[in-house]
Amino acid sequence: QVQLVESGGGSVQAGGSLRLSCAVSGSASDIKWIAWFRQFPGLERAGMAYIANGGGSTDYSPSVKGRFTISQDNHKSTVYLQMNNLKPGDTAMYYCAARRSSTGPGWWLFQPNNYDFWGQGTQVTVSS
C-alpha cells in the first residue's frame, strides 16, 4: 500500500503563491507516476500536472502551464506543486495521486481513473 498526505493549502490573494506538498510513504517503489489534481464543487477531479517517480518526465494541463511547477525531492519522499500567480479560478480542493502502471507519459495521466492511490486533499482559496 501507498499513503499520500497533502499539505500546504490555505487562503491567498490573487497574484500570490502557494506550495503544496504530497508526502509519499509505504510501498513507494511500486509507484511510477505521481500527479496533482484539483476538484471544483460538483465536478470531476481534473489533472493539472504529473511527474515520473524519481524525476524526469513532467507535463501540465494548459490551464496551469507556465504558472505551476511540479517537482520531487531527492529522496523521492515528497512531491511538490509550486503555484504562482494564483487566480480566483484556482480555488478548489487539491489532491495528489499515485499510479503503479509505468505506461506513460501521455494524456491519460491527466485522467483520475488511471490512478491507484489518493490523498485526502488540501483546500486552496484565492480571493480577488
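## Aromatic pairs

The structure holds seven aromatic pairs. Rings of Phe, Tyr and Trp (its six-membered ring) pair if their centres lie within 6.5 Å; planes under 30 degrees apart count as stacked, over 60 as edge-to-face and the rest as tilted. This is a predicted model, in which local features need pLDDT of at least 70 and side-chain atom pairs count only at pLDDT 80 or more, while totals for chains, interfaces and linings use all residues. Residues are numbered from 1 along each chain as its sequence is written, and side-chain values use heavy atoms, with hydrogens and water left out.

## Tyrosine 50 and its partners

One of the pairs joins tryptophan 33 and tyrosine 50 in an edge-to-face arrangement, 5.5 Å centre to centre with 90 degrees between the planes. This pair links distant parts of the chain, 17 residues apart: tryptophan 33 belongs to strand β4 (residues 33–39) and tyrosine 50 to strand β5 (residues 46–52). Strands (E, at least two residues) are DSSP runs, numbered from the N terminus. Both tryptophan 33 and tyrosine 50 are buried, a term for under 20% relative accessible area, with over 50% called exposed and values in between partly exposed (1.4 Å probe, protein chains only).

Tyrosine 50 also forms a tilted pair with phenylalanine 110, at 5.1 Å centre to centre and 55 degrees between the planes. Here tyrosine 50 in strand β5 is linked to the loop between β9 (92–99) and β10 (117–118), where phenylalanine 110 lies, 60 residues apart. Tyrosine 50 has a relative accessible area of 1%, and phenylalanine 110, at 15%, also counts as buried.

## Aromatic cluster and charges over rings

Phe37, Tyr95, Tyr115 and Trp118 form one aromatic cluster. The ring of tryptophan 118 has the charged end of arginine 45 over it, 4.7 Å from the ring centre. A charge sits over a ring if NZ of Lys or CZ of Arg is within 6 Å of the ring centre and within 35 degrees of the ring normal. Arginine 19 is placed in this way over the ring of tyrosine 80, its charged end 4.1 Å from the centre.

## Arginine 67

Arginine 67 lies in the loop between β6 (58–60) and β7 (68–72). With a relative accessible area of 11%, arginine 67 is buried. A polar atom of its side chain lies 3.1 Å from the backbone oxygen of serine 63, and the side chain of arginine 67 also reaches the backbone oxygen of asparagine 85 at 3.0 Å.

Neighbours within four places in sequence aside, arginine 67 is in contact (heavy atoms within 4.5 Å) with Gln82, Met83, Asn84, Asn85, Leu86, Lys87 and Asp90.

How values were computed. Helix = DSSP H or I, 4+ residues; strand = E, 2+ residues; numbered from the N terminus. Polar contact = N/O pair within 3.5 Å; in protein donor to acceptor, adjacent residues only side chain to side chain.
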